Amino acid sequence: MDKNTIGFIGLGVMGEPMCHNLHTKSGRTVIAHDINPEPLDRARAANIGVAEDLADIAKNCGTIFISMPSGVQLSAVCEGLMPHMRAGQTIVDTTTAPVALTKELAAEFKAKGIEYADAPIARTRQAARDGTLAVMVGTEPAVFERIQPLIACYANDITLCGDVGSGQVVKILNNMIVAETVNAVAEALTIGRRAGLDDALLLDTLTKGSADSFVLRNHGVKAMLPGVFPLRAFSINYMIKDMKYAIDLAEETGVEIKSARTTNQILEEGAKGPLAEAYWPALLAVIDPTIDAKTPDGD
């Protein structure tokens, strides 16, 4: 095992550009693994190493990044890695996963002398390509100091939030706020249209007032205004997963979150139709069923 070699497991929508940025910017050897052949073919074309299985990653890489769709896949990956790893290695998990699961996995790895950091990501796939993601990290300060230069290959805002699990808490709350804000923008856009306002003028004017936000300018102007919700992006089903994590966390902490539950109900209604795998601001179609939602295949 070469402690300077980086493993990257999960070349999905976000993981693939993150892996490529680590390859081009870290100055280290990167070895990738995924269950799908297409991103691995692109990795080979970029001179990134490719591992046949999880054992190869575990045996050859000092620091292993994981990017999974949910805690279910994360658990399976960690189960596959665990028997082959040894003291001195480090796991950096970029998945958005339940806080309890994160702490449980970290404890299991810690018992073998393996460091663990939860480092979920925020922002868009374009940000992943540009290396401008936001990352919220939960780990010990000494571990953060070691992994921060690697995370900086794909992120420009990196925050140590506290001990293991803290990164997940911040990320889950981030997505809860974003989802509720998207729902508010969708309602405002629909009301404005039906009240006879020019929808582009409405959103542009809102960006100049106190309602301005990243959500308004990105999700509202770029997706909801034109009604374009690509496939192979962060889907309605994915956001439902994160909202359920937020609801679970609220229950664990004794907080009643009525607005988040309402937004989740709207997302679940959207998931019953043909837009379940579309970019998740397509929840607009639940509030305004008259829109002509376009779902081009993402890249």
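1. A quick word on terms before anything else: helices here are DSSP runs of H or I with at least four residues, numbered from the N terminus. On that reading, G80 sits in helix α4. Keep in mind throughout that this is a predicted model.

2. Staying with G80 for a moment: its relative accessible area is 22%, so it counts as partly exposed. The cut-off matters here, because buried means under 20%. Along the chain, G80 and R217 are 137 residues apart, and their C-alpha atoms are separated by 41 Å.

3. Now to how α4 packs. Helix α4 covers residues 71–81 and helix α5 covers residues 99–110; the angle between them is about 5 degrees and their axes are 11 Å apart. That makes the two helices, α4 and α5, roughly parallel, because angles under 35 degrees count as such.

4. Which residues in α4 and α5 meet? On the α4 side they are G71, L74, S75 and C78, and on the α5 side L101, L105 and F109. Sorted by class, this contact has five nonpolar residues, two polar ones and no charged ones.

5. Over to helix α1, residues 15–25. Buried residues in α1 are G15, E16, P17, M18, C19, N21 and L22. Just after α1 comes G27, with a positive phi of about 75 degrees.

6. G15 is part of helix α1, and its relative accessibility is 1%, so it counts as buried. What does G15 touch, leaving aside residues up to four places away in sequence? The partners are F8, G10 and S67. As for P39, it is 24 residues from G15 in sequence, and the C-alpha to C-alpha distance between G15 and P39 is 9.9 Å.

7. Next, the second largest pocket, which has a volume of about 170 Å³. Its lining is made up of K3, N4, R28, G62, T63, G88, Q89, T90, E115, R146, I147 and L150. By class, that lining has six polar, four charged and two nonpolar residues.

8. Where does the lining of the second largest pocket come from? At least two residues each are supplied by β1 (2–9), β4 (61–66) and α7 (141–151). The largest share, three residues, comes from α7.

9. Two backbone angles to look at when you go through the loops. Most residues other than glycine have a negative phi. R123 has a positive phi, near 95 degrees, and is not a glycine. R123 lies in the loop between β7 (121–122) and α6 (125–130). With 41% relative accessibility, R123 is classed as partly exposed.

10. The other one is R232, again a residue other than glycine with a positive phi, this time near 60 degrees. You'll find R232 in the loop that runs between α10 (214–224) and α11 (236–253). Is R232 buried, exposed or partly exposed? Its relative accessible area is 42%, so R232 is partly exposed.

Key:
Residues numbered from 1 in each chain as written. Predicted model: local features only at pLDDT ≥ 70, side-chain atom pairs only at ≥ 80, totals over all residues. Heavy atoms only, no water. 1 Å grid on protein atoms, 1.4 Å probe; cavity = no way out; pocket = protein on both sides within 12 Å on 5 of 7 lines; lining within 4 Å. Points joined across faces, edges and corners; volume = space filled by probe spheres on them. Nonpolar A, V, L, I, M, F, W, Y, C, P; charged D, E, K, R; others polar. Buried < 20%, exposed > 50% of the residue type's maximum accessible area, 1.4 Å probe, protein only. Axes fitted to C-alpha atoms, helices over the stretch in contact; angles between N-to-C directions. Parallel < 35°, antiparallel > 145°, perpendicular 65-115°, else oblique. Contact = heavy atoms within 4.5 Å.
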